[in-house]
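I opened the model today to look up a few things and write them down. The sequence and the structure come first, and my entries follow.

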Amino acid sequence: MTGTVCYVATCKSNSERAKKEGELIRFFTFPKKKEVLKQWVRLCRRKSPFDPKNKRICSKHFALDQYEDMIEAQIKNTMPKRLKETAIPSLNLPLVPEHTISQRSKRMELKEQKRIVESLLIDEAPKENASPQDMSACSSNSLLQDISNHQSQHEILNQKYIALKEQCEKLKNQAQQDKAEIENLITTNKKLQLSADHSQNTLNAKVYQHFKDGHQASTYNKEY
Ligand SMILES: [Zn+2]
């Protein structure tokens, strides 16, 4: 994109885009006063040294009190145009020059940040930094918790034991009933056996009598 640009390292101001978007931005040439010029160059936070001759810094970096015509502009309700000779950029500047932070120091910074966060987290935890009284309260609390855990476990086991005992009693009763039933069946079976034997004997006797009667009759017929 063509147009005037701002030389502050992180600033994206561009005169053409500002015009298109209806944004009022002014671009200022670097000052003549050596001390002020040095400040401007430094505050641009550029990686390499540069010749400020053709460079500009935009109005986004100057506070209102840095303008010579501030009051005039306020009365006219317009944007001030002229910076004071001593004006220094102070707004929207890069915080730290990017190139001064090496990768290694970035890593160290991250490590340090992590360490601080971790130490804060540890401080939050009640176990650390606890006074002896707190510690004993802590351990007796955990002991009470342990006891209560054991008690509830014992209660569960006890209930299981009672249930098993009841089951065992039921099975025992069932076995006794089964035994009685079997004995009944054996008795009934014996009775039936006796009854069957008796019937068989009676039948045998009847058959015998029948044959005997038949024989006597035929003998009688031969005689007469
Ligand atoms: Zn700028």
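In which elements of the chain is confidence lowest and highest? I looked up the mean values: H4 has the lowest, at 65, and S2 the highest, at 98. The score is pLDDT, the predictor's confidence in each residue, from 0 to 100. Over the chain the average pLDDT is 82, and 78% of the residues score at least 70.

I noted the ground rules next. This is a predicted model, in which local features need pLDDT of at least 70 and side-chain atom pairs count only at pLDDT 80 or more, while totals for chains, interfaces and linings use all residues. Residues are numbered from 1 along each chain as its sequence is written.

**Entry: the chain**

I looked up the elements and found 5 helices and 2 strands. Helices (H or I, at least four residues) and strands (E, at least two) are DSSP runs, numbered from the N terminus. Along the sequence their pattern reads α-β-α-β-α-α-α.

I then looked up burial. A residue is buried if 20 or more other C-beta atoms lie within 10 Å of its own, exposed if 12 or fewer, and partly exposed in between, with C-beta atoms placed from the backbone. Of the 224 residues in the chain, 9% are buried.

For contacts, I used the rule that two residues are in contact if their C-beta atoms, placed from the backbone, lie within 7 Å. Among contacts between residues at least 6 apart in sequence, 57% join residues at least 24 apart.

**Entry: the core and Tyr 7**

Which residues form the largest nonpolar core? I listed 7: Cys 6, Tyr 7, Val 8, Trp 40, Cys 44, Ile 57 and Cys 58. Such a core is a set of buried Ala, Val, Leu, Ile, Met, Phe, Trp, Tyr and Cys residues joined through C-beta atoms within 7 Å.

I picked Tyr 7, which sits in the segment before helix H1 (15-20). Tyr 7 counts as buried because it has 21 C-beta neighbours inside 10 Å. Leaving out residues up to four places away in sequence, Tyr 7 touches Cys 44, Lys 55, Arg 56 and Ile 57. With the same exclusion, Cys 44 touches Tyr 7, Val 8 and Ala 9. I also found Tyr 7 and Arg 46 39 residues apart in sequence, with 8.3 Å from C-alpha to C-alpha.

**Entry: Arg 56**

Arg 56 belongs to strand S2 (residues 56-58). Is Arg 56 exposed, partly exposed or buried? Arg 56 is partly exposed, because its C-beta neighbours inside 10 Å number 17. Beyond four places in sequence, its contacts are Thr 4, Cys 6, Tyr 7, Phe 27, Phe 28 and Thr 29. Cys 6 is 50 residues from Arg 56 in sequence, yet their C-alpha atoms are 5.3 Å apart.

**Entry: two positive phi values**

Most residues other than glycine have a negative phi. Arg 45 has a positive one, near 55°, and lies in the loop between helix H2 (34-43) and S2. Asn 77 also has a positive phi near 55°, in the loop between helix H3 (70-76) and helix H4 (103-124). Asn 77 counts as exposed because it has 6 C-beta neighbours inside 10 Å. Arg 45, with 18 other C-beta atoms within 10 Å, is therefore partly exposed.
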